Amino acid sequence: MLPIIFILPVLQLVILSNAATYEIKNITFGYVDADNSSTSGGLIERFESSMYFNVSEKFSSQKDAYTAMQDGSVDVYISIPTNFERDLQENQHNEIGVFIDAIDGSAAGVINVYANQIIRNYNKHIATDLIQVSDSVQQPSSIESIPLFWYNETLNYKTFMVPGILVLLVTMITLFLSGMNIVREKEIGTLEQINVTPIKKYQFIIGKLFPFWVLGMGLLTVGLILAKFIFNVPILGNLLLLYGYTSVYILVILGMGLFISNFTDTQQQAMFIAWFFIVIFILMSGLFTPIESMPKWAQILTEFNPIKYFVEIIRMVMLKGSGFTDIFPLAIKTLAYAIVMNGLAVWSYKKTT
Amino acid sequence: MGILVKNISKSYDKVTALSNISLDVKPGELFGLIGPDGAGKTTLFRILTTLLIADKGQATVAGFDVLSDYKSIRNSVGYMPGRFSLYQDLTVEENLNFFATIFGTTIAENYDLIKDIYVQIEPFKNRRAGKLSGGMKQKLALSCALIHKPKVLFLDEPTTGVDPVSRKEFWEMLKRLRQKGITILVSTPYMDEAALCDRIALIQGGKILEIDIPKAIVGHFPKPLYNISASNMYSLITSLTHYEHTYSVFPFGEFVHYTDKREAMNVEEIKSYLVQQGLTNIHIERTQPTIEDTFMELAK
């Protein structure tokens, strides 16, 4: 069992961190070029040279392109109207159509940005050409914004995701194992034998849960080592602070596990309930989607989500190098949560049936 | 200082498990609770070992009340549940050590009490409990229940699922434990084991049918009992069931236990009836009733 407990999360961390990315590559791109001019050819060349787009084919008509999108063989296509070059030169202005498959809304948004970027750059390029030809108007000074991404300058998704996924693994393993543990004793009958002994409630509970606390800390250690050496995630903050916080955080999860144990009779039921909570916690943790964009009621609910606090703190400490005073407001909430959760769990645990 | 049960009742939702049970086990007595599955034996055990709270009535174990003094009871009783409930992934020795530690004692301290039993499993002390045979598991469970020198020992169907040789050995162990002054309450569905107890209570459907020493219980059997055997067991039973004077017919090993409605029955008359029914090789003889016969009679 022990190898499974460590190997599976490590695999998950390695696989998920590579898979959970918002970068969109290998977009299949198509075009309908009714103009066949050098201007339209240049634009298509821009797309072809982009690393995000794979050029698939030239469609002879709008209808063909539409069919291709319908059967999923192309993600995006542009449609260049007839007399594109001529109209552009005459009117200094023209339009092309960009058609994006928006089944996956967030991917479509990203594709839109990429495509617009290429078209805008190309636009600037031909604009300067035109200006050189006419040579009359002075080139307008354009205002450009230069984005600077703090704490994650290269906008590397792994830097962002690995700490979050690590939180997820520590939580999942400790919740599942602690939730099923006491139920297992109920199932195989050892709990009945234990209950007839003079052992104290707190002794039994600590004895049952302490190993999982150690396990959680062990998982964090393994995960941090992987994050550092495989994914090269920076660890700017104080590790001691991170461990200190995690030691309190795991108490919350263990209390929850024990609480689930007390209200279930079989490991199956315990597993089902633990799974139910984990899914809600993960989706509402801000790990994959920002909490700020959730509706108001959901934002209030996330206040009760321990994973949210840990995700936030691990990112703050590892990526920003936040110190104790920065995480204090979140940490104090976690501590309160730990006290309430364990209080409830111990209170609901009965030695009689 | 034995066990005192007064008007205990317990029901689960709509099912009545125990209704108004009273019994009294003397200190140092080997007391048997005899009844079929579902009679309420385990429920009574769970109430007496403070795992369950009765709806009504009082009970004391070793002089302690099951409600107000449950902590003292947990210190002074040994409980062996019907289902093997030691840690299967700990070894024999680890299990014993674990339970000794929980009770704040050591194996060495009470070794003489469990010695007789433990020597038999000692050769396997490094084997995991889950890998032991049924008889060994039961010896280990008994050792664990005895490790803290309990005043009262509760054994819930200890011999269910155990081979006949181990069963016999087990009852001999219980007799030796009784000599050491431990009060033992044991439940069993096997009627033949009942005769080995000092006193027994016959229990069915949550009610106690009778409490007495085994011999006296057998003496309560109301009618003369006959062993009948014939060539074909099945048609023997069906023939006797349809016989007009039959009071009771039960298969019992190679015989049928038969009682008659009439005060004075005629053996020859039955014989000729059976011959008439096409049976051959008929033997009829008077026999002594067993606890099983009494139980069947009382449970009617």
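A salt bridge is counted here when a side-chain nitrogen of Lys or Arg lies within 4 Å of a carboxyl oxygen of Asp or Glu. By this rule the interface of chain B and chain A has 1 salt bridge. The side chains of E192(A) and R46(B) form a salt bridge, with an N to O distance of 2.4 Å.

## Basis

This is a predicted model, in which local features need pLDDT of at least 70 and side-chain atom pairs count only at pLDDT 80 or more, while totals for chains, interfaces and linings use all residues. Residues are numbered from 1 along each chain as its sequence is written, and side-chain values use heavy atoms, with hydrogens and water left out.

## Interface

Contact (heavy atoms within 4.5 Å) involves 20 residues from chain B and 18 residues from chain A. The buried area, which is the accessible area (1.4 Å probe) that two parts lose on being put together, summed over both, is about 1800 Å² between chain B and chain A. Carbon and sulfur atoms give 56% of that area. L51(B), R74(B) and Y87(B) supply 32% of the area that chain B buries against chain A, more than any other three residues.

## Nonpolar core

A nonpolar core is a set of buried (under 20% relative accessible area, 1.4 Å probe, protein chains only) Ala, Val, Leu, Ile, Met, Phe, Trp, Tyr and Cys residues joined through side-chain atoms within 4.5 Å. The largest has 115 residues, and L142(B) is among those with the most contacts inside it. Residues that L142(B) touches include M80(B), I117(B) and F170(B), leaving out residues up to four places away in sequence.

Conventions: Chains lettered and ligands numbered in written order. Buried < 20%, exposed > 50% of the residue type's maximum accessible area, 1.4 Å probe, protein only.
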